[in-house]
Amino acid sequence: MRKGQSRKRGIKGWGPGLLFLAPSLLGVGVFVCIPFGDVVRRSFLNAMGNEFVGLDNYRSVLQNRAFGQAAGNTARFLALCVPLLLAISLLCAMGIKGSRGFREGLKTAALLPMAIPAASLVVLWRLAFGRAGFLNGVLGFFGLPAVDWMNSEAAFGVLVFTYLWKNVGYDMILWLAGLAAIPDEQYEAARIDGAGRVYSFWYITLPHLRTSAAAIAILSVVNCFRVFREAYLIAGDYPQESIYLLQHLFNNWFASLDIQKMAAGAVLLALLMMGIMALAWHKNEEGAWEENS
């Protein structure tokens, strides 16, 4: 009953919101939805765009070895990086919230990696991970063999580190906004009842951060696809196999004008992303309804 009433109130409030968002919706429709609709149409046509081929393009993409490798690497990267980023940034946010001094300085320091241009970051990474770089110099000092960081399986670890280092500060600021919305009275009442930090975190902090977690997780997934800039500038079109991502594949298809493969692959990727966001939204709605009830 209460769930239905809350939905009716939400529907009534959509009118002013839609009017306010009309310019943005118009821009998204013209520059995103209409072009993507043309991509969907092209995914069912041949390379010239003058013959209907049905699902042949999708079969060609799914049977492509390079697509399987790129999709597997991208999925492994997402599965490892997103949980790590959420956990590390949340711990950093809680540490900064609990600190009494240097809070603003710590926030600024955490956001500095986002301000570094990708080209400058690539130079820094080559100085650190190159064959004659800083890390190999340290290994040589201790009598250990040099590691070809960007042409071995270690390249995946370098890419993971790059993603975490650049995005921890951004997610930390988002977590801090969610933590600031939690009433301090609940923590004080828990301390009076003898609850420890672990109990307060599990039963007070996490339930209140459920809405924030869904939004931050989606943004973290989106930022995972932006790491391609660094990977491309460091290793080029055809990097080490462990960091050959979907963005590399699409870039190579574009260079060879495989438009039909690009269109089919883009539709498959869009469906996957919409599924992830729909799942996160559904879980978020369920959690919000349980809290309100």
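In this predicted model, the axes of helix α8 (residues 154-180) and helix α11 (residues 210-226) come within 11 Å of each other and cross at roughly 160°. Axes here are lines fitted to C-alpha atoms, for helices over the stretch in contact, with angles running from 0 to 180 degrees between N-to-C directions. That makes α8 and α11 roughly antiparallel, therefore, a label that applies over 145 degrees. Their crossing is right-handed, i.e. the near helix is turned clockwise from the far one by less than a right angle. On the α8 side, the contact (heavy atoms within 4.5 Å) is made by Tyr163, Asn167, Tyr170, Asp171, Leu174, Trp175 and Gly178; α11 brings in Ser212, Ala213, Ile216, Leu219, Ser220, Asn223 and Cys224. Sorted by class, that comes to 8 nonpolar, 5 polar and 1 charged residues, with Ala, Val, Leu, Ile, Met, Phe, Trp, Tyr, Cys and Pro taken as nonpolar, Asp, Glu, Lys and Arg as charged, and the others, Gly among them, as polar.

Zooming out, the protein chain has 14 helices and 0 strands, these being DSSP runs (H or I, at least four residues, for helices; E, at least two, for strands) numbered from the N terminus. Of its 293 residues, 35% are buried, meaning under 20% relative accessible area with a 1.4 Å probe, protein chains only. Among contacts with a separation of 6 or more, 70% link residues 24 or more positions apart. The chain exposes about 18000 Å², 68% of it from carbon and sulfur atoms, by the Shrake-Rupley method with a 1.4 Å probe.

Residues are numbered from 1 along each chain as its sequence is written, and side-chain values use heavy atoms, leaving out hydrogens and water. Local features need pLDDT of at least 70 and side-chain atom pairs count only at pLDDT 80 or more, while totals for chains, interfaces and linings use all residues.

Definitions and conventions:
Parallel < 35°, antiparallel > 145°, perpendicular 65-115°, else oblique. Buried < 20%, exposed > 50% of the residue type's maximum accessible area, 1.4 Å probe, protein only.
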